Amino acid sequence: MHMLNVGHLVETLARFTYAINDEHPETYEELRPGFVKAINTLRPQRLPAVVKGFQIGYEDSPWVDHCKQQEIFPHIVGPASPSDGPTREEWDRQIIEALDLIEEIHPGLRQMVDLLVTDIIVLNSGADGGGSANQMPGVVMMSPGSAWLTLDYAMCIVHEGLHTGLFVMDSVYPMFTLSPDELSKDENRALSAVKIGEKRPLHAALHAAAVAVPLMFMEHSQGETVLVDQYTGSLRDACDDMQTKRDLFTPYGRLILDEMTDWAKADPINFFQVGQGITSEEFSGYRPAA
């Protein structure tokens, strides 16, 4: 699938950075610095991304104030309570171990995270989940549940990292023929694969279906089945529902949707195909129409 392929992500990031910076990344090593330079023009000036690694923040991070002011993720930042030193140390440890686990599950997923994630803000708000937003690219908001294990941290990071990847892809090769406001109208909504049974704006439904794939893959790799059992049917239903709105997708959007639908409809689900597709040359080298 193009949406998870590292080669496709690299070429897309190169086009994204050139469009914003007016500079071609000549080597892979120039890609992350170019991406950071590009997204720093989209983020608040006082909250720049760093080129190397990522920054970990907590409830006293300026990002929390920004989200409150802009009414972004109120369910996460609003109820966030103060965290003490040992709690922060445990969060830090879990995040580092989660990154190692992502590498172990598939180096390509770790490569995606290393390219796209610049900040992880961890909060004790009881939300038991995460969030990312187009207007703050590179930032992962995370509210760990009390029962979270390292795999849960890892899946949250990949989940939100892929949302940023989809934002970049949609910026370079638009996926829809209508604006987000139009896609939010009742007649353009589609079933969510994650919020099961709920209709979401079409672009949100596509994002939800897309992120379900690596979450299922990661869980399966660790011998777990909770999300696999939960999402297999809902992902198929979501793909079927989105297919009824094919006219609202661009050719690139239909490519992403069709690849995902083909995978979801297979019986049994082929997880080897996901792992292979992350690095396969088959899904890199996309040439958009001029």
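**Note on the sheet, helix packing and salt bridges**

1. Strand β4 (residues 139-143) is largely enclosed by the rest of the structure, because five of its five residues are buried. Buried here means under 20% relative accessible area, exposed means over 50%, and partly exposed lies in between, with a 1.4 Å probe and protein chains only. Strands (E, at least two residues) and helices (H or I, at least four residues) are DSSP runs, numbered from the N terminus.

2. The model is predicted: local features need pLDDT of at least 70, side-chain atom pairs count only at pLDDT 80 or more, and totals for chains, interfaces and linings use all residues. Residues are numbered from 1 along each chain as its sequence is written, and side-chain values use heavy atoms, with hydrogens and water left out.

3. Which residues of β4 point one way, and which the other way? Val139, Met141 and Ser143 point one way, Val140 and Met142 point the other way, and all are buried. In a regular strand the side chains alternate between the two faces of the sheet.

4. The sheet is open and has four strands in the order β1-β2-β4-β3, with mixed pairing. Its edge strands are β1 (55-57) and β3, each of which pairs on one side only. Averaged over the sheet, neighbouring strands are turned by 20 degrees against each other, direction ignored. Axes are lines fitted to C-alpha atoms, for helices over the stretch in contact, and angles run from 0 to 180 degrees between N-to-C directions. Two strands pair if DSSP finds at least two bridges between them.

5. On one side, β4 runs parallel to strand β2 (residues 119-122), and four bridges join them. Asp119 has Val139 of β4 as its bridge partner. Strand β3 (residues 129-131) is antiparallel to β4 and is joined to β4 by three bridges. Here Gly131 is the bridge partner of Met141 in β4.

6. Strands β1 and β2 pair in the parallel sense, over three bridges. Within this pairing, Gly57 stands opposite Ile121 in β2. Helix α7 (residues 150-172) packs on the sheet and touches β2, β3 and β4; the direction of α7 makes about 145 degrees with that of β4. Contact means heavy atoms within 4.5 Å.

7. Why is helix α2 (residues 31-39) described as largely enclosed by the rest of the structure? Seven of its nine residues are buried, so the description applies. The buried residues are Leu31, Arg32, Gly34, Phe35, Val36, Ala38 and Ile39. They pack against α1 (6-21), α6 (107-116) and α7.

8. A search of the whole structure finds 13 salt bridges, where a salt bridge is a side-chain nitrogen of Lys or Arg within 4 Å of a carboxyl oxygen of Asp or Glu. One of them joins the side chains of Arg43 and Asp119, at 2.9 Å from N to O. Arg43 lies in the loop between α2 and β1 and Asp119 in strand β2, so the pair ties together parts that are 76 residues apart in sequence. Arg43 is buried, with a relative accessible area of 5%, and Asp119 is buried at 3%.

9. Asp60 forms a salt bridge with Arg88, with the closest N and O atoms 3.3 Å apart. Because Asp60 lies in the loop between β1 and α3 (62-70) and Arg88 in helix α5 (residues 85-105), the pair ties together parts that are 28 residues apart in sequence. Asp60 is exposed, with a relative accessible area of 53%. Glu59, Asp60 and Arg88 are linked in a network of salt bridges.

10. The salt bridge between Asp241 and Lys245 has its closest N and O atoms 3.8 Å apart. Asp241 is buried, with a relative accessible area of 12%, and Lys245 counts as buried at 11% relative accessibility.

11. Arg110 is placed in helix α6 and is buried, with a relative accessible area of 18%. Leaving aside neighbours within four places in sequence, Arg110 is in contact with Leu99, Asp100, Ile102 and Glu103. The side chain of Arg110 reaches the backbone oxygen of Leu99 at 3.1 Å. Arg110 and Ile157 are 47 residues apart along the chain, and their C-alpha atoms are separated by 9.7 Å.

Conventions. A polar contact is a pair of N or O atoms within 3.5 Å; within protein, one must be able to donate a hydrogen and the other to accept it, and residues adjacent in sequence count only if both atoms are side-chain atoms.
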